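The following note sets out a colleague's reading of the structure shown below.

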Amino acid sequence: MPSDTIRAALIQRLRVSSAIADEDVKEIEALPISVRQYPSERAVVRDGERASECCLIVDGFCARSKTIASGRRQILSLQIPGEIPDLMSLFLHVMDHDLTTLTPATLGFISHDNLRKLHRRSPRVAEMFWRDTLIDSAMFREWIVNVGQRPAPARLAHVMIELRERLRLIGRVDGDSFEMPLTQEQIGEALGITAVHANRVIKQVRQEGVVEFSRGRVTVLDEQKFQELADFDGRYLHQSPTL
Amino acid sequence: MPRFHFDIHEDSRLIKDEDGQNFANVEGARKEAMLTGTSIAREAFVAGRADHVVVDVREDEQTPCLRISIRLEVQELAGDQPRTIA
């Protein structure tokens, strides 16, 4: 795979959200990344494991999750190309949650050693990655509010709009529609409800003419209703260097 | 593994579960029905959409083998009852 394809989404994201300088782009372009293919629903790194590398999503979708003793799983975040969802493993040595593929995925692995060297060479890149992990925690705060306070249809709409705004940054929104390759069960796990309740909620938002969700794709039917239902304020995504 | 379907009734509206889910036994399906029923009822009651939620659990196209029924009862109490302040 050509080197610029591997890093394209990451660099595009950093250009928009952190205004990365050209010389720092060169540093990232020079970073050794080993690419591996993963099938869907495969653990990339598990809760309790000690990681020695970080994972850049080149293509495909992943999720971070945690499973409680009864076996029920909470999806904590959806992760898309250009993101390094386990960046914190550079400093937090033992994983405290799972990172799993949702779809077949192309993943690029960057060794902790090389990331440390890059940080020492370029403090600006280190700051950018630091900012990335802070945005990560802002998203977790929003996710807690979502699951804890909003009714289920609003929760679904919020998760959908968040995903769309992040996909937009890497040029992966196609008019009114975008990818959300989750099963009903996985949607339930993201919203803290059962698969059957998730199915009920998906039918409800379709009947109300808000969004259509089928075969892993969301199509917005009424943008205004969608925004109102989600109660979405995208500031927490900090998608500009001034935010 | 048997496949169970969970049909939801919100008052008289029926939402049929075409897809179904696999569970090792009826016990697993019962737990799922309980979680589903209580979470749908909470939302339907709060939204004022219904005051009776039923989950019918069936194996494939068979008749239901389990029914979970959750009803909202709100009593407005008369305002002229004596109130005591300790």
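**Notes on the predicted model**

1. Strand β4 (residues 62-67) of chain A and β5(A) run antiparallel and are joined by 6 bridges. Within this pairing, Lys66(A) lies opposite Gln74(A) of β5(A). It should be kept in mind throughout that this is a predicted model.

2. The connection between these strands also deserves attention. β4(A) and β5(A) make a hairpin, with 5 residues between them. In the turn, Gly71(A) has a positive phi of about 100°.

3. β4(A) has a further partner: strand β6 (residues 98-101) of chain A pairs with β4(A) in the antiparallel sense, over 4 bridges. Here Ala63(A) has Thr100(A) in β6(A) as its bridge partner.

4. Turning to the domains, chain A is divided into domain 1 (3-143) and domain 2 (151-237). Taken over C-alpha atoms, the centres of domain 1 of chain A and domain 2 of chain A are separated by 23 Å. Domain 1 of chain A contributes 20 residues to the contact, and domain 2 of chain A contributes 14 residues.

5. Which elements give two or more residues to the side of domain 1 of chain A that touches domain 2 of chain A? They are α1 (3-18), β5 (73-79) and α4 (123-149) of chain A. The most is given by α1(A), with 5 residues. By class, this side of domain 1 of chain A has 11 nonpolar, 6 polar and 3 charged residues.

6. Is Arg168(A) buried, exposed or partly exposed? Arg168(A) is partly exposed, because 13 other C-beta atoms lie within 10 Å, whereas a residue counts as exposed with 12 or fewer and as buried with 20 or more. Its place is in helix α5 (residues 152-169) of chain A. Arg168(A) and Phe178(A) are 10 residues apart in sequence, and their C-alpha atoms are 8.9 Å apart in space.

7. The last point concerns the contact between the chains. Chain A supplies 10 residues and chain B supplies 13 residues. On the side of chain A that touches chain B, the largest share, 6 residues, comes from helix α7 (residues 195-207) of chain A. By class, that side of chain A has 5 nonpolar, 3 polar and 2 charged residues.

Key: Residues are numbered from 1 along each chain as its sequence is written. Chains are lettered from A and ligands numbered from 1 in the order in which they are written. This is a predicted model: local features need pLDDT of at least 70, side-chain atom pairs count only at pLDDT 80 or more; totals for chains, interfaces and linings use all residues. Domain bounds come from an automatic or database domain assignment. Two residues are in contact if their C-beta atoms, placed from the backbone, lie within 7 Å. Ala, Val, Leu, Ile, Met, Phe, Trp, Tyr, Cys and Pro count as nonpolar, Asp, Glu, Lys and Arg as charged, and the others, Gly among them, as polar. Two strands pair if DSSP finds at least two bridges between them.
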